[in-house]
Amino acid sequence: MRAILLRDFGGPEQFYIGEAVVPALSSREVLVKVHATALNRADTLQRQGKYAPPAGASNLLGLEMSGEIVAASEDAAIYQLGDQVCGLLAGGGYAEYVNIHEDLLLPVPDGMDMQTAAAIPEVFLTAYQSLVYLLQLQKDETILIHAGASGVGSAAIQMARSLGAKIFVTASAGKHEVCTALGADLVIDYRQESYKTAVIKASEQKGVHAILDFVAGSYFSDNLDILGMDGRMVMLAALGGMNAPDINVAQIVWKRLKIMGSTLRSRSLGYKTKLVKDFAKDYWPLFESGEMRPVIDSTVSWHDVADAHRRMDQNLNAGKIVMTID
Ligand SMILES: NC(=O)c1ccc[n+]([C@@H]2O[C@H](COP(=O)([O-])OP(=O)(O)OC[C@H]3O[C@@H](n4cnc5c(N)ncnc54)[C@H](OP(=O)(O)O)[C@@H]3O)[C@@H](O)[C@H]2O)c1
């Protein structure tokens, strides 16, 4: 089969389309002919040699895909050959074919195109894990979502809205309309003003109940300052740096804060199976009815993978960059 390969770790110029072996099927796996995949920030790190796939996962990039089932192991029983599906991968989506455990698949809803379906699994399952499992966000609570126009952020805004929460987000100029259209109540241009000051003002000094953070670094201290009593924060990345200066840890104690970190790719099959099942039960009807859908920044052919990565490297995307495997 053909796949997107790397000559060496480094910049987007390292990509080329070459030959790879069609994956063999393990128990309860199916083989999917990939129609579309979508970029995730982790792909840009893997490309640079900074994020190795977990043990046993494909070395190819690609954490999600949509396509058609073309083969199945003998004990796979949920889907039929020819079914259109999308699914969560630990790697391997940047290719013509990929193997996936049938429990990690979702059926592409009637009327939804394959490009849209490919953009759902990674960011919506991450948002579900963060808001429902970890933050346990409640109706009428206020959440601050950093990088609101990112793939994960744009999914999290929609999920927070569905939960009945009040939503504050940070995003750079030019991405505010996307966040507002999804349901954000307050969009803060963090490059122009202190998001801490804006949140304190908008919350009338009360702060927020929950924060979804990808930035860490200098944000850590401000995030602690604006969490209210019994506040919760989930940290998913450290886009702004690994070290957090000037921390007043006393706040964690006296405000009874819960500071959590999480990953998705390296989780066990059992965990991911439950996550996909719970997410499907709670949210797949909203995708079927069209009430919820991923924000698509752009759709490109996989021949333009280098340009797609450059766009993400430069923080130009609002929502998902989808690649068609043609
Ligand atoms: N741990 C997990 O389970 C998990 C799962 C999925 C994703 N993630 C992480 O979640 C993050 C979002 O992923 P994605 O694929 O949705 O990303 P994405 O679409 O590429 O969006 C990332 C956005 O973050 C903002 N940003 C970048 N650097 C920043 C900085 N230093 N300070 C503040 N904002 C910054 C930029 O938006 P602005 O232009 O608005 O600044 C950028 O467009 C990534 O860091 C990814 O690795 C973690």
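Biologist: In this predicted model, at what angle do the axes of α3 and α9 cross?

Modeller: The axes of α3 and α9 come within 10 Å of each other. Angles from 65 to 115 degrees count as roughly perpendicular, and α3 and α9 are therefore described as roughly perpendicular to each other. The angle at which their axes cross is roughly 90°.

Biologist: Which residues of α9 make the contact with α3, and of which classes are the residues in that contact?

Modeller: By class, the contact of α3 with α9 has seven nonpolar residues, one polar residue and no charged residues. On the side of α3, the contact is made by F124, L125, Y128 and Q129. The residues of α9 in the contact are L275, V276, F279 and Y283.

Biologist: How many residues does α9 give to the side of domain 1 that touches domain 2?

Modeller: The chain is divided into domain 1 (2–120 + 265–324) and domain 2 (123–261), and the C-alpha centres of these domains lie 27 Å apart. Their contact takes 14 residues from domain 1 and 13 residues from domain 2. On the side of domain 1 that touches domain 2, helix α9 (residues 269–288) gives the most, and its contribution is five residues.

Biologist: How do the residues on that side of domain 1, which touches domain 2, divide by class?

Modeller: The contact takes 14 residues from domain 1. By class, the residues on the side of domain 1 that touches domain 2 are 11 nonpolar, two polar and one charged.

Biologist: Which residues of α4 meet α3?

Modeller: The contact of α3 with α4 has 10 nonpolar, three polar and no charged residues. From α3 come V123, F124, T126, A127, Y128, S130 and L131. The residues of α4 that they meet are G151, V152, A155, A156, M159 and A160.

Biologist: Which helix supplies the largest share of the shell around the ligand?

Modeller: The ligand is surrounded by 26 residues, and the closest are A147, S150, G151, S172 and A237. At least two residues of the shell come from each of α1 (41–47), α3 and α4. The largest share, three residues, comes from α3.

Biologist: How many residues of the shell around the ligand are charged?

Modeller: The shell draws at least three residues from each of domain 1 and domain 2. Its residues include 13 that are nonpolar and 10 that are polar. The number of charged residues in the shell is three.

Biologist: What is the orientation of α6 to α7?

Modeller: Helix α6 (residues 195–202) and helix α7 (residues 219–226) pack with their axes 10 Å apart, at an angle of about 10°. Y195, K196, V199 and I200 in α6 meet D222, D225 and I226 in α7. Angles under 35 degrees count as roughly parallel, so α6 and α7 are roughly parallel.

Key: Residues numbered from 1 in each chain as written. Predicted model: local features only at pLDDT ≥ 70, side-chain atom pairs only at ≥ 80, totals over all residues. Contact = placed C-beta atoms within 7 Å. Helix = DSSP H or I, 4+ residues; strand = E, 2+ residues; numbered from the N terminus. Nonpolar A, V, L, I, M, F, W, Y, C, P; charged D, E, K, R; others polar. Near = placed C-beta within 6 Å. Domains from an automatic or database assignment. Axes fitted to C-alpha atoms, helices over the stretch in contact; angles between N-to-C directions. Parallel < 35°, antiparallel > 145°, perpendicular 65-115°, else oblique.
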